[in-house]
Amino acid sequence: MLVATVGEARAGFCEWRQTAPDEAEILNLEVAGAWRRRGIASALLAALLGAAHGTIFLEVAENNAAALALYCRFGWEPVAIRKGYYSAGNVNAVVMKKSSC
């Protein structure tokens with residue numbers, strides 16, 4: 001887990017795991033409301049890219065435009081849709097992948 005702090009406050013975190021030597025996945029990325037739009041998520045993703053190896057996968061709700069834009073900006077690409085994955089089957093998940101450096 002990567003944790004972003006600002007002073008004494010926990011501003012956000014990124015849970016991830018290395019599932020194989022050449023594959024990892026983001027389990028959860030969250031930034032506290034008061035700290036959004038301040039580069040916290042970008043810093044967490046940059047740290048992840050320095051720690052993870054191989055292709056990195058994630059799922060994101062297709063109606064989460066801000067998260068989709070962030071992941072695309074960092075080079076993730078959509079590869080599949082999981083129908084009804086979120087919100088009791090009402091929101092699809094976009095599966096994305098990125099090859100790390």
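The cover over the buried residues of α2 includes β3 (23-31), α1, β4 (55-61) and β6 (91-99). Buried means under 20% relative accessible area with a 1.4 Å probe, protein chains only. This is a predicted model: local features need pLDDT of at least 70, side-chain atom pairs count only at pLDDT 80 or more, and totals for chains, interfaces and linings use all residues. Residues are numbered from 1 along each chain as its sequence is written, and side-chain values use heavy atoms, leaving out hydrogens and water.

- A67, L68, L70 and Y71 are the buried residues of α2.
- They lie on the same side of α2, because they cover an arc of only 160 degrees around the axis.
- A65, A66 and R73 are exposed (over 50% relative accessible area) on the other side of α2.

**Packing of α1 on α2**
- Helix α1 (residues 40-51) packs against helix α2 (residues 65-73) at an angle of about 40 degrees, and their axes are 11 Å apart.
- The crossing of α1 past α2 is right-handed.
- A41, S42 and L45 of α1 meet L70, Y71 and R73 of α2 in this contact (heavy atoms within 4.5 Å).
- Of the residues in the contact, 4 are nonpolar, 1 is polar and 1 is charged.

Conventions:
Axes fitted to C-alpha atoms, helices over the stretch in contact; angles between N-to-C directions. Helix = DSSP H or I, 4+ residues; strand = E, 2+ residues; numbered from the N terminus. Left-handed = near helix turned anticlockwise from the far one by under 90°. Nonpolar A, V, L, I, M, F, W, Y, C, P; charged D, E, K, R; others polar. Arc of directions from axis to C-beta.
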